[in-house]
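Biologist: Could we go through this structure together? I would like to begin with the ligand site and then move on to other topics.

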Amino acid sequence: MTGDTQRIQPFAAPKGVPDYLPPDSATFVAVRDGLTAAARAAGYGHIELPIFEDTALFARGVGESTDVVSKEMYTFADKGDRSVTLRPEGTAGVMRAVIEHSLDRGALPVKVSYSGPFFRYERPQAGRYRQLQQVGVEAIGVDDPALDAEVIAVADRGFRSVGLTGFRLELTSLGDETCRPQYRELLQDFLFGLDLDEDTRRRAEINPLRVLDDKRPHVREMTADAPLMMDHLSESARVHFDTVRAHLDAMGVPYVVNPRMVRGLDYYTKTTFEFVHDGLGAQSGIGGGGRYDGLMAQLGGQPLSGIGFGLGVDRTVLALAAEGVTPASTARCEVYGVPMGPEAKLRLAVIAQELRAAGVRVDLAYGDRGMKGAMKGADRSGARLALVLGDRDLEAGEIGLKDLATGEQSSIPLSEATARVRATLSPVS
Ligand code: HAM
């Protein structure tokens, strides 16, 4: 068995599934946490839900005619022969949990937020992944336009809090059960009068709104004069929409009305919105959401309303890069310890422990690579300060403190190392 060891092919991540690696993952975490903090600041409590659910939940909740359900679901039979699906989005699962645990019998609205991976079998490209990350919120049980405005304002604040500015908010109303059916007929009458190919005609029969989202120039041209939901809203849907706008205006949340907006999920009613960033190419939607007043009843719960959003963490990271904004320090640590010799190593390990307990991020050189190698490690770590400790320093009761940006170095008493490092990192003003 000598000499014939076969080289094992290294594995690669599944197609379209990103890895998040340091140092860039610091930006990912900053975005996810920043968006989540905006939700926390408005009273949304954390909800952690299963990554997979009963397939029928998504079929019924998201809609059989959507691409998400008909083409993009990761569906498989488990060992008990149940059909389960990796969650393609978060809203259906939240509704399932709210109904199952009777949260809707308590104080309303139920306000929850979540973050994590979702799965869609799409054609991978820049900004479009098969495993994508969202931060989402849902506010369930109160049909109040002020709540719509709050949800939208939370998303707007979230994006701005991580440093994003070059996006726009598009807003529309998809009507309610009193005006949507008539509008649907009106739109279908219009579409059936056009010279549409068979596929598009079928789409017009199942979900005519989706034809307005057709990107092909000749279809765009033909549908340029199509009737729009916004011009056929019921009185109450109109008042609802106007009130949302008044709240957004008062809160200083900028938006444009886009009456031709079409969302990829079927559950939306009334207020519907999308955050769009032009620095991303084709995948310009960095977040979206809206009302879904019929969803809970459709999933077997009470007829309660709901509104929420899903913000794309991956696309927000790309949008920040397009704007040249770095929301977080990518430095692994603030202080890097360089021990020379076993005793110094022990002493620095203790200092590191003290500093970490005080909230300072500290890393040490391991493996006894010598001073040059260790200092290279210090530079690479992105730390601001290095603590250098050798045998002679130990004898003298001192330790070297080096500013890695300026190269300035001084000797300080070993017993004061922790206090001096903390004072240097956050000087009292
Ligand atoms: P969605 O518009 O399908 O809505 O997704 C929300 C966001 O997730 C998108 O705006 C986009 O930024 C990101 N996203 C979607 N697909 C991908 C992908 N393949 N790769 C990278 N990013 C992606 C929803 O999922 C709804 N559940 C939002 C919602 C909550 N509506 C009401 N409540």
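Biologist: Which strands each supply at least two residues of the shell around the ligand?
Modeller: In this predicted model, strand 6 (131-140), strand 10 (285-291) and strand 11 (306-312) each do so.

Biologist: And which strand gives the most?
Modeller: Strand 10 does, with six residues of the shell.

Biologist: Which residues come nearest to the ligand?
Modeller: The ligand has 27 residues around it, and Glu89, Glu122, Glu138, Tyr268 and Gly285 come nearest.

Biologist: How do the residues of the shell divide into nonpolar, polar and charged?
Modeller: Nine are nonpolar, eleven are polar and seven are charged.

Biologist: What lies 2.6 Å from a nitrogen atom of the ligand?
Modeller: That is an N or O atom in the side chain of Glu122. Tyr267 also places a polar side-chain atom 3.0 Å from a ligand nitrogen. For Ile286, a polar backbone atom is 3.4 Å from an oxygen atom of the ligand.

Biologist: How much of the ligand does the protein bury?
Modeller: The protein buries 95% of the 670 Å² that the ligand exposes when taken alone.

Biologist: Changing topic, how is the chain divided into domains?
Modeller: Domain 1 covers 25-179 + 233-323, and domain 2 covers 335-428. Their C-alpha centres are 47 Å apart.

Biologist: How many disulfides does the count give?
Modeller: The count comes to zero disulfides.

Biologist: Then are Cys179 and Cys333 buried or exposed?
Modeller: Cys179 counts as buried because its relative accessibility is 5%. Cys333 is likewise classed as buried, at 2%.

Biologist: What about Glu170: where is it found, and is it buried or exposed?
Modeller: Glu170 belongs to strand 7 (residues 167-173). Its relative accessibility is 11%, so Glu170 counts as buried. The side chain of Glu170 also makes a polar contact of 3.0 Å with the side chain of Arg168.

Biologist: Where is Ser305 found?
Modeller: Ser305 sits in the loop between helix 10 (295-298) and strand 11. Ser305 is buried because its relative accessibility, 9%, is under 20%. Between the C-alpha atoms of Ser305 and Ala139, 166 residues apart in sequence, the separation in space is 8.6 Å.

Biologist: And Ala321: is it buried or exposed?
Modeller: Ala321 is in helix 11 (residues 313-323). With a relative accessibility of 55%, Ala321 is exposed because the value is over 50%.

Biologist: Let us turn to the backbone. Which residues does a cis peptide bond with omega of about 0° join?
Modeller: That bond joins Leu108 and Pro109. Pro109 is in the loop between helix 4 (91-100) and strand 5 (110-119). The peptide bond from Pro22 to Pro23 is also cis, with omega near 10°. Pro23 is placed in the segment before helix 1 (25-40).

Biologist: Where do Asp81 and Ser102 lie?
Modeller: Asp81 lies in the loop between strand 3 (74-77) and strand 4 (83-86), and its relative accessible area of 64% makes Asp81 exposed. Ser102 is in the loop between helix 4 and strand 5, and is partly exposed at 39%.

Conventions: Residues are numbered from 1 along each chain as its sequence is written. This is a predicted model: local features need pLDDT of at least 70, side-chain atom pairs count only at pLDDT 80 or more; totals for chains, interfaces and linings use all residues. Side-chain values use heavy atoms; hydrogens and water are left out. A residue is near a molecule or strand if one of its heavy atoms lies within 4 Å of it. A polar contact is a pair of N or O atoms within 3.5 Å; within protein, one must be able to donate a hydrogen and the other to accept it, and residues adjacent in sequence count only if both atoms are side-chain atoms. Accessible areas come from the Shrake-Rupley method with a 1.4 Å probe; for residues, only the protein chains shown count as cover. Helices (H or I, at least four residues) and strands (E, at least two) are DSSP runs, numbered from the N terminus. Ala, Val, Leu, Ile, Met, Phe, Trp, Tyr, Cys and Pro count as nonpolar, Asp, Glu, Lys and Arg as charged, and the others, Gly among them, as polar. Domain bounds come from an automatic or database domain assignment. A disulfide is a pair of cysteine sulfur atoms within 2.5 Å. Buried means under 20% relative accessible area, exposed over 50%, partly exposed in between (1.4 Å probe, protein chains only).
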